[in-house]
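I opened the model to look up its helix packing and the surroundings of a few residues. My entries are set down below in the order of reading.

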Amino acid sequence: MTRRRRSAKEARAEILEAAETLLREDGPEALTITAIARAVGVSHPAVLHHFGSAGALEEALHMRISVAIRDDLLGLLASNGADRAGALEQAMARLADPAKGRMLAWLVATGRPMFPPVSDKGLAQVAETLQATNSIDDVSMRVQLAVLAM
């Protein structure tokens with residue numbers, strides 16, 4: 001294996017990308033430091049060097065996935081203008097995707113929320129975006145929003 005120099009930021013990003021890919025494609029049982037290291041082409045200690053522990057790597061992966069889900073939802077809401085019902089239907093369809101579902105299941109199974117922590121205004125940003133335009137009158141849309149908040 002040919003060694004390649006990476007900045008710490010590049011290495012962390014590549015490690016997280018590999019971990020997310022393993023989770024999405026093979027499920028949580030594939031999330032081992034050894035498998036992640038192999039996917040990136042680095043040693044087991046190199047992964048630990050960049051994250052400190054397996055727990056810290058999992059926490060960073062959680063943040064990456066939950067921020068991506070939140071940002072995806074915010075993007076849908078912004079791109080659909082006043083059609084909030086359409087945006088929520090698209091959001092539900094995206095969350096129903098098996099690959100994304102596997103990542104959401106991992107978040108829930110590990111006891112982590114699917115949105116970033118309150119300090120990052122995870123769900124609050126989605127709620128504020130919804131409130132900024134129209135009130136939610138449709139019962140179906142309220143139910144879908146409640147499911148998204150779980």
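**Basis.** I note that this is a predicted model, in which local features need pLDDT of at least 70 and side-chain atom pairs count only at pLDDT 80 or more, while totals for chains, interfaces and linings use all residues. Residues are numbered from 1 along each chain as its sequence is written, and side-chain values use heavy atoms, with hydrogens and water left out.

**Helices α1 and α2.** I looked up how helix α1 (residues 8-26) packs on helix α2 (residues 33-40), and found an angle of about 115 degrees with the axes 9 Å apart. Helices here are DSSP runs (H or I, at least four residues), numbered from the N terminus. The axes are lines fitted to C-alpha atoms over the stretch in contact, and angles run from 0 to 180 degrees between N-to-C directions. On the α1 side I listed E14, I15, A18, A19 and L22, and on the α2 side A35, I36, A39 and V40; contact means heavy atoms within 4.5 Å. By class, I recorded eight nonpolar, no polar and one charged residues in this contact. Here Ala, Val, Leu, Ile, Met, Phe, Trp, Tyr, Cys and Pro count as nonpolar, Asp, Glu, Lys and Arg as charged, and the others, Gly among them, as polar.

**I36.** I then turned to I36, which lies in helix α2. I36 is buried, at a relative accessible area of 2%; buried means under 20%, exposed over 50%, and partly exposed in between (1.4 Å probe, protein chains only). Leaving out residues up to four places away in sequence, I36 touches I15, A18, A19, L22, L31 and L57. From I36 to I15 the C-alpha distance is 6.7 Å, across 21 residues of sequence.

**Helix α4.** Helix α4 (residues 54-79) has 26 residues and reaches 37 Å from its first C-alpha to its last, close to the 38 Å expected. The expected span is 1.5 Å times one less than the number of residues. Among the buried residues of α4 I noted L57, L61, I65, I69 and L73.

**E20.** Which residues does E20 touch, not counting those up to four places away in sequence? I found L61, R64, I65 and M103. E20 lies in helix α1 and counts as buried at 12% relative accessibility.

**G101.** G101 is found in helix α6 (residues 98-109). The C-alpha atoms of G101 and R24 are separated by 8.6 Å, though the two residues stand 77 residues apart along the chain.

How values were computed: Helices (H or I, at least four residues) and strands (E, at least two) are DSSP runs, numbered from the N terminus.
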